[in-house]
Amino acid sequence: MLTAPLRIGSCTVRNRLYRAPVLEGAGDGDDAPEIYARHFEENARHGVGLIIQGSSCIWPEGRTSPGMTCVDTRAKVLRLAPMVDAVHRHGAAIFLQLGHGGLFAMEAWHEPYATTRTGPILASSPVPWLLRPAFRGVPVRVLRTDEVHALADRYGEVAAWARAAGYDGVQLGSANAKLLDQFLSPFYNRRTDEFGGSLERRAHLLARIRAAISDRAGADYPVSVKVPAEIAPPGCARSTRAEALRLCRLVEEFGYDAITPVEVSVFPDTTLSRGGTPDSFWTNPSMATRLRAAAPSRRRRAIIKGGAWLGARRAAFRPVWNRGLFAAAKRAATIPVFAVGGIRTAVEEHEIVDDEHADMVGIGRPFYAEPDLAARVLASDPQPRLCLSSNRCVAAQMLGMKGACYNPEVRKRPRN
């Protein structure tokens with residue numbers, strides 16, 4: 001049952017519904033905790049079991065949006081503790097998602113961050129030939145073997161700070177073309193050291209991270225991980241579905257406590273959030289102005305708009321689009337499997353758990369339109385979700401605007 005509790009490592013979650021990680025646009029200022037609290041307290045009050053706070057960057061450079069929060073110092077993580085406490089007071093658990101953008105860090109393109117970056121963009125391997133035109137003039141540095149080990153240790157350090165702040169666990173942002181995904185994906189990873197080659201060698205970084213978190217935060221501290229199966233242009237290497245299922249078994253052996261299998265593009269496009277074209281880049285005057293400031297180059301803006309259009313064409317919305325993958329992962333692994341991707345109706349959400357296709361059911365963007373969504377889902381409300389999957393919130397997320405629904409049609413839809 002969706003309303004039944006679930007054990008995730010040492011953490012017990014009150015029900016099987018979780019808020020999937022999306023950007024709240026909280027940024028990295030001192031008001032970040034208050035912004036998160038405005039979103040998360042209401043979600044918790046209405047009954048959501050678990051909240052995964054969207055990707056927070058482990059180093060001061062590496063965010064993919066100005067709206068992301070850095071967790072690069074202990075003080076920055078601990079300042080979030082009052083928000084975590086508030087979520088707990090309402091009975092929900094909260095995980096912190098940790099990540100780094102790698103090649104797609106905003107320091108590669110987003111002004112003024114690109115011209116004020118303190119070092120080159122970090123990468124698992126040299127830029128793939130298909131992407132080289134987009135990275136013309138961008139300094140890129142491939143991490144040395146010792147630096148990859150240091151990267152793993154960094155995850156352990158930040159996880160320890162998260163535990164000190166009261167977070168119930170952490171999730172690795174290891175999909176969606178972020179840095180960890182760039183190590184897992186043969187599209188990006190062409191290393192010849194211990195972190196490159198076979199799937200097992202590419203996944204070795206995840207083994208090192210889990211060990212580092214055990215050392216720094218404690219072996220009993222829950223850690224979940226995203227497991228990507230990729231879509232790529234014809235003839236390009238990618239992580240296949242079969243590899244994703246093998247990786248599910250591997251990370252269980254490494255000691256991870258939960259997995260989120262996702263089908264994503266090798267590019268950071270809207271394959272992740274299937275639906276409409278994020279046309280607010282050019283139809284919303286405020287966002288269009290922000291985009292011109294962020295990307296003064298017409299060529300860069302054309303690449304961003306073209307990627308938004310092409311991603312939407314390649315990945316139209318389909319209800320519960322990850323079902324085949326997460327259901328197969330449920331059969332392959334014994335640790336909890338988190339479902340996410342195109343899950344909208346209460347019927348779908350209850351069915352996924354009742355049919356044992358997954359252990360947790362995640363919803364992301366619809367929380368922007370319905371902060372009280374959890375109460376409706378848990379009560380089996382038959383009404384459809386207000387979210388129209390237009391992806392108009394995606395442009396806002398990239399540009400650092402607040403996490404909200406930007407589709408005017410949603411506000412016109414009646415609620416009973």
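Predicted model: local features only at pLDDT ≥ 70, side-chain atom pairs only at ≥ 80, totals over all residues.
**Overall build**

The protein contains 18 helices and 13 strands. Its radius of gyration is 20 Å, close to the 22 Å that the globule rule gives for 416 residues, so the protein is as compact as a globular protein of that length. The C-alpha trace spans about 55 × 50 × 45 Å along its principal axes.

Of the 416 residues, 62% are buried. Among contacts with a separation of 6 or more, 73% are made by residues 24 or more positions apart. The accessible surface of the protein amounts to about 15400 Å², and carbon and sulfur atoms contribute 54% of that area. As for charge, the protein carries 55 positive and 42 negative side chains. The centres of these two sets lie 7 Å apart.

**Aromatic pairs**

Seven aromatic pairs are present in the structure. One of them joins Tyr18 and Phe338, with a centre-to-centre distance of 4.9 Å and an angle of 50° between the planes, a geometry classed as tilted. Tyr18 belongs to strand β3 (residues 17-19) and Phe338 to strand β12 (residues 338-339), so this pair ties together parts that are 320 residues apart in sequence. Tyr18 is buried, with a relative accessible area of 1%, and Phe338 is likewise buried, at 0%.

Another pair is formed by Phe104 and Tyr188: the ring centres are 6.2 Å apart and the planes meet at 85°, so the pair is edge-to-face. Here, too, distant parts of the chain are linked, as the two residues are 84 residues apart. Phe104 sits in the loop between β6 (93-99) and α4 (113-116), whereas Tyr188 sits in the loop between α6 (179-184) and α7 (199-202). Phe104 has a relative accessibility of 16%; because the limit for a buried residue is under 20%, Phe104 counts as buried. Tyr188 is buried at 2% relative accessibility. Both residues also belong to one aromatic cluster, which is made up of Phe104, Phe135, Phe187, Tyr188 and Phe267.

**Two individual residues**

Ser55 lies in strand β4 (residues 50-57). With a relative accessibility of 8%, Ser55 counts as buried. Apart from neighbours within four places in sequence, Ser55 contacts Leu23, Met68, Thr69, Gln97, Gly99 and Lys178.

Arg74 is located in helix α2 (residues 74-78). At 45% relative accessibility, Arg74 is classed as partly exposed; this class applies because the value falls between the 20% limit for buried residues and the 50% limit for exposed ones. When residues up to four places away in sequence are set aside, Arg74 touches Trp161 and Ala164. The C-alpha atoms of Arg74 and Ala162 are 8.4 Å apart in space, although these residues are 88 residues apart in sequence.

**Accessibility of the residues discussed**

The table gathers the relative accessibility of each residue described above.

| Residue | Relative accessibility | Class |
|---|---|---|
| Tyr18 | 1% | buried |
| Ser55 | 8% | buried |
| Arg74 | 45% | partly exposed |
| Phe104 | 16% | buried |
| Tyr188 | 2% | buried |
| Phe338 | 0% | buried |

How values were computed. Residues numbered from 1 in each chain as written. Heavy atoms only, no water. Helix = DSSP H or I, 4+ residues; strand = E, 2+ residues; numbered from the N terminus. Rg over C-alpha atoms; globule rule 2.2 N^0.38 Å. Buried < 20%, exposed > 50% of the residue type's maximum accessible area, 1.4 Å probe, protein only. Contact = heavy atoms within 4.5 Å. Areas by Shrake-Rupley, 256 points an atom, 1.4 Å probe, with all protein chains shown as cover. Lys, Arg positive; Asp, Glu negative; His and termini not counted. Charge placed at Lys NZ, Arg CZ, Asp CG, Glu CD. Phe/Tyr/Trp six-rings, centres within 6.5 Å; stacked < 30°, edge-to-face > 60°.
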